[in-house]
Amino acid sequence: MKFALANLSPALTQTACVVLPVFEDSQLTAAGEALNKATESLIGQVLERGDFKAQLGKTYLMPFAPGAEAERLLLVGMGKEDKLTDSRFRKAAQAAYTQLADYSLHDALIALTDTPIKGRDAKWKIRLLAEIAETSFYRFNEFKSQPSPFEPPAELSFYWPEALESSDGEAALKVGQAVGQGKNLARTLGNRPGNVCTPIHLAETAQTLAASDSAFCVEVLDENQMQALGMHSLLSVGKGSDEPPRLIIVKYQGAEDPQAAPHVLLGKGITFDTGGISLKPGEGMDEMKFDMCGAASVLGALEAVRQLKPRLNLIFMIAAAENMPSGRASKPGDIYTTLSGKTVEVLNTDAEGRLVLCDALTYAERFEPASVIDIATLTGACIIALGHQATGLLSNDDQLAAALLEAGIDAEDRAWQLPLWDEYQEQLDSNFADMQNIGGRPAGTITAACFLSRFADKFAWAHLDIAGTAWHSGKQKGATGRPVGLLVQYLLDLDAQLAAKTSDGTAA
Ligand code: BES
Ligand code: MN
Ligand code: ZN
């Protein structure tokens with residue numbers, strides 16, 4: 001889809017369809033008033049008759065618009081004006097795009113930018129509208145032999161009144177598009193089945209994404225290289241599988257100072273989690289193809305970075321393996337030495353995410369990072385604690401945690417912090433090794449993070465448990481693209497802070 005700004009009044013713009021906001025009290029925005037006037041009160045008459053009540057997310061198609069240049073009008077209900085919030089605006093926009101998708105139009109003019117929302121300017125709105133356009137027209141048809149015919153519009157234009165700075169509008173469109181496409185990439189990788197999306201597939205995807213751009217360089221460690229380094233914990237998870245594990249590292253140089261400490265994003269990339277010898281029950285096990293959604297979100301963020309070029313140094317890492325039972329698989333009670341030298345007793349082979357991440361965290365020490373964030377579908381307990389709304393957040397650094405919480409609010413991709421108190425650590429005490437890989441049923445999300453924290457004491461670190469937020473089950477089964485929104489917002493915030501500091505005259 002091509003995105004563009006439209007400066008003309010929506011009444012004067014030639015398009016297959018204008019998408020126009022209406023409030024429940026029949027109030028129109030300035031753009032709506034202009035169209036109403038041009039069409040000799042066509043909109044006003046529909047509202048007066050009570051044919052369209054403009055409840056939130058309801059739509060009404062007017063197939064002709066005599067007097068306007070548009071072929072059609074799509075009225076979108078915004079609900080009550082004083083109730084309009086970020087998430088209600090998002091819902092209305094989604095509803096509008098869902099309708100547009102049904103009509104298979106070549107193009108449309110989205111005239112929602114002048115809808116008043118408290119505390120939000122036109123830039124914010126156009127960014128969101130672009131992002132939601134990308135995610136609303138997403139379809140995953142890679143494995144349908146006869147996909148239902150569907151074409152997103154070739155071009156969407158967004159009303160951007162002439163009085164506004166067009167470079168602001170262009171920049172906001174670009175961010176929205178990058179975030180939306182980043183989310184969609186994460187969804188596609190998550191939705192691909194385990195027999196296609198293997199550790200090697202993740203590595204090849206990273207290579208393809210980075211190849212087009214000299215700001216990136218990729219390194220993929222294979223099992224021999226990991227063996228030589230001593231990453232026996234990560235390797236233990238892949239032992240039962242015919243698909244070899246990989247550690248994927250993508251470096252991005254965006255800061256002026258090549259030596260500036262990098263921020264690291266590390267994703268759990270278990271391309272299928274059977275549980276291993278501690279085998280999971282059969283029902284719903286197919287959903288464990290989504291156990292690489294942490295990795296997918298890292299690649300989604302990488303895609304957005306590729307498009308937006310923040311002035312930061314970044315390292316994208318993925319710890320990828322397939323967790324299978326076999327004669328070669330690791331067994332309950334087996335003990336492995338991690339890259340850090342610490343030993344781990346594997347009491348449950350289904351607690352494998354922490355086993356791949358711990359070695360990757362130790363590996364990250366060599367980058368002397370400014371921060372490390374790992375993203376993982378780590379614990380079923382996180383779904384019990386927070387459901388499917390919030391991502392679990394645990395951190396050894398209050399400032400980093402606060403930055404992530406705030407980014408999540410701004411991106412409507414929220415996280416909620418859980419405590420990482422020392423008292424929980426003793427649940428990991430082992431009689432035979434330095435620690436065991438499970439801490440019992442109480443506080444399962446926290447003890448998983450406690451395990452990781454033991455490998456993250458050399459840097460500011462945060463852990464995002466996305467078990468409840470990375471995919472939908474049931475009829476809507478599919479990857480959500482979370483938390484790409486949160487991650488990209490966090491990176492853009494860092495970039496903006498740096499820019500503010502530089503223009504202050506204080507050192508970058
Ligand atoms: N990938 C799962 C976590 C998971 C389970 C995510 C269900 C989403 C839905 C993880 O590898 C796992 O199996 N964790 C175990 C840990 C337990 C053995 C301590 C769990 O949550 O049951
Ligand atoms: Mn598991
Ligand atoms: Zn898992």
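**View 1. Elements and residues around ligand 1.** Strand β9 (263–273) and helix α11 (380–386) each contribute at least two residues to the shell around ligand 1. Helices (H or I, at least four residues) and strands (E, at least two) are DSSP runs, numbered from the N terminus. This is a predicted model, in which local features need pLDDT of at least 70, side-chain atom pairs count only at pLDDT 80 or more, and totals for chains, interfaces and linings use all residues. Residues are numbered from 1 along each chain as written, chains are lettered from A and ligands numbered from 1 in the order in which they are written, and side-chain values use heavy atoms, without hydrogens and water. The ligand is surrounded by 17 residues, the closest being K280, D291, D350, E352 and G380; a residue is near a molecule if one of its heavy atoms lies within 4 Å of it.

**View 2. Polar contacts of ligand 1.** A polar contact is a pair of N or O atoms within 3.5 Å. A backbone N or O atom of G380 is 2.7 Å from an oxygen atom of ligand 1. For D350, a polar side-chain atom lies 2.8 Å from a ligand oxygen atom, and for K268 a side-chain N or O atom lies 3.3 Å from an oxygen atom of ligand 1.

**View 3. The open sheet of β11, β12 and β16.** Three strands form an open sheet in the order β11-β12-β16, with mixed pairing; strands pair if DSSP finds at least two bridges between them. The edge strands, β11 (334–337) and β16 (435–436), each pair on one side only. Strand β12 (residues 343–346) runs parallel to β16 and is joined to it by two bridges. E345 has Q436 of β16 as its bridge partner.

Key: A polar contact is a pair of N or O atoms within 3.5 Å; within protein, one must be able to donate a hydrogen and the other to accept it, and residues adjacent in sequence count only if both atoms are side-chain atoms.
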